[in-house]
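The stops below are meant to be taken in order.

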Amino acid sequence: MRAFREHTGVVAPLNRSDLDTDQIIPKQFLKRIERTGYGEFLFYDWRYAGDGKPRPEFVLNQPAYSGASILVAGKNFGCGSSREHAAWALNDYGFRVVIAPSFADIFATNARNNGLLLIALPERQIATLLDRAQQSEGYTLHVSLLDKTVRDNKDFSAEFEIDDFRRTCLLEGLDEIGLTLKHESEIAAYESRLVSRGW
Amino acid sequence: MLSKTLFQKLWEQHVVHQDADGRTLLYIDLHLVHEVTSPQAFEGLRLAGLRVRRPDLAVATIDHNVPTTPNRNLISDPIAAQQIETLRRNCQEFGIRLFDIGSAEQGIVHVIGPELGLTQPGMTIVCGDSHTSTHGAFGALAFGIGTSEVEHVLASQCLWQKKPKTMQIVVDGKLPLGATAKDVALGIIGRIGTDGATGHVIEYRGAAIRSLSMEGRMTVCNMSIEAGARAGMIAPDETTFQYVRGRRFAPRDFDKAVEHWQTLRSDDDARFDSTVRLHADELEPYVTWGTNPGMVAPISGRVPDPNAAASEGERAATARALEYMNLKPGTAIAEIPVDRVFIGSCTNARIEDLRATAELVRGYHVHPRVHAMIVPGSQQVKRAAESEGLDRIFRAAGFEWRESGCSMCLGMNPDILQPGERCASTSNRNFEGRQGRGGRTHLVSPPMAAGAAIAGHFIDVRKWKYKEAQSA
């Protein structure tokens, strides 16, 4: 997994709540068997009109947000389908961080397993970030997983929570399967107890 | 002794290892696999030189991409065909049982698990699919996972989990006429919202839940994810045991299994982190009007006015949803016309759903403007329906009778809505574009969908004039 320590990037504001994974990556792009190459399909139905032309009103099509790598959105981000393609698409497009008031459970796990940092902040702070990203061109945030903070170059500063294990995995880009297989003897012991159930 | 919830019991019975910070390695008893969320996981194993630890605990089927038209092996989309072929190759290489397209047991993964007796009380069950919560109806801890986790389970038969919170949703009383298990689910989500149960495992309790058949319980648990829950579950009882008994993969020493299963219930004074209580009398047949399952109104209700919303956020979300759905505030739900009807999906494509549908449509015909389609959840459901003559009732009424699969629930196969088409659907998600770009989805129960197909607009099933079967 790709490690995450610190990141500075342009913020794209997407002021919508309950943003589901069907919107992040529509189903017609789930047929591929690779993990990469989904960035061009991110938010497809919002980004492109029926004829395939970019919709100028959509945030990612506006020059001010080109190259954005931090997404700020409304509550319950990533609800719906378990498709990990949503996390792959955000990564592949170039997003390193998503900041929202809350995230859906399965999406949150998928993001973590792909080195995409999710930061939950209170609604009030999200409103500030959305506002600033909409008002000032090239609005930039600095995110540090080392000291668990989000800052802009004015007066915005927030601390976020993340559990220690997840933080360590992200900081070091650790592969969870490798860690789990170190518990082989415990897994085998559990399985032998399972057999004794006998039905 | 400390009293425990059903969830706590299942959790404790599956702990392989627990870290000091509470992170727990849980053992997984059953891993269901399908073509869409597994190819990258198998590829990951190959790249790391890993084997599948317990191929005997994994079962695969092909459901998302399959056409539902008669010649199902003709996959016109080459990318979909490759994905299906990839699952076949992976199952062969890693020794996993596959219920392929030609199999008499093929079907939607959440329909075939229970009907084959693979799904059993007390199990931990995962699948790379959010509607894995369905299997909680048996008193199993069942939840959807992403592809990295699919790979993790294939490699280790375990998953790292942080203990979720517990929520009990108690539905007292008796379901009123016309309110089905689907309406229980929609009624709950309408109340607590699409993130009302985030971070929680729900246990559904109360007389109205107890009185549901296994199929009804599956419908309720299926929609747990639409309230944001990690999982939903119902304690197993005699209804559960009777359902599992005699199925192909049911325990050989069934009585011994039942003895254990009977212990799988929340203790009387067990404590939950939160409680939602409602009376079945409050439930009605529901229709969603918006773009998430929490945007729902009773059939007797009206499309809401964004300006009446409690907050600016809700006002904006409502206005946006109504614009997408092309609905005006104040419109009576029963006046909304439909173009398409889809009866199917892991939520509502089991035999009881089809029986309820047949009962309503008998002697009627689909409205000339409406294109209506019934997609059974599995080949077994299809055969059962045909042996009861339900397919003849559907065909006579002008419904298309299809082969089994996920179909228009998410439109990964050719079954999709055209832009602007409005659909009464028994599926689980009314997200923008879910059933096809620009398509407008209204979630309803199977009888409500059938009624809309015939009338050409939503109707109140409580007032439906059922026609008797003519004696032969």
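This is a predicted model: local features need pLDDT of at least 70, side-chain atom pairs count only at pLDDT 80 or more; totals for chains, interfaces and linings use all residues.

Residues are numbered from 1 along each chain as its sequence is written, and chains are lettered from A and ligands numbered from 1 in the order in which they are written.

**Stop 1: chain A as a whole**

Select chain A, whose C-alpha trace spans about 65 × 45 × 25 Å along its principal axes. Its secondary structure comes to 8 helices and 7 strands, where helices (H or I, at least four residues) and strands (E, at least two) are DSSP runs numbered from the N terminus. Of the 199 residues in chain A, 43% are buried, a residue being buried if 20 or more other C-beta atoms, placed from the backbone, lie within 10 Å of its own, exposed if 12 or fewer do, and partly exposed in between.

**Stop 2: strand β1 of chain A**

Next select residues 6-14 of chain A, which form strand β1. Strand β1(A) runs antiparallel to β5(A) (residues 140-144), to which 5 bridges join it, and A:Val10 has A:Thr140 as its bridge partner there. With β2(A) (residues 70-73), β1(A) pairs in the parallel sense over 4 bridges, and here A:Pro13 has A:Val72 as its partner; two strands are said to pair if DSSP finds at least two bridges between them.

**Stop 3: where chain A touches chain B**

Now show both chains: the contact takes 43 residues from chain A and 57 residues from chain B, two residues being in contact if their C-beta atoms, placed from the backbone, lie within 7 Å. On the side of chain A that touches chain B, the elements giving two or more residues are α1 (21-24), α4 (105-112), α6 (164-172), α7 (176-181) and α8. The residues on that side divide into 12 nonpolar, 14 polar and 17 charged, with Ala, Val, Leu, Ile, Met, Phe, Trp, Tyr, Cys and Pro counted as nonpolar, Asp, Glu, Lys and Arg as charged, and the others, Gly among them, as polar.

Select α8(A), residues 184-195, which lies across β1, β2 and β8 of chain B and runs at about 150° to β1(B); axes are lines fitted to C-alpha atoms, for helices over the stretch in contact, and angles run from 0 to 180 degrees between N-to-C directions. Those 3 strands of chain B form an open antiparallel sheet in the order β1-β2-β8, with β1 (15-18) and β8 (158-161) as the edge strands, each pairing on one side only. The twist averages 25° from one strand to the next. Strand β2(B) (residues 24-27) pairs with β8(B) over 4 bridges, and B:Leu25 stands opposite B:Trp160.

**Stop 4: two helices of chain B**

Finally, select α12 (residues 351-361) and α15 (residues 446-455) of chain B, which pack at an angle of about 35° with their axes 8 Å apart. For the contact itself, show B:Ala356 and B:Leu360, among the residues of α12(B) that meet α15(B), and B:Ala450 and B:Ile454, among those they meet. Several residues of α12(B) are buried, including B:Ile351, B:Leu354 and B:Ala358. Just after α12(B), B:Gly363 takes a positive phi of about 85°.
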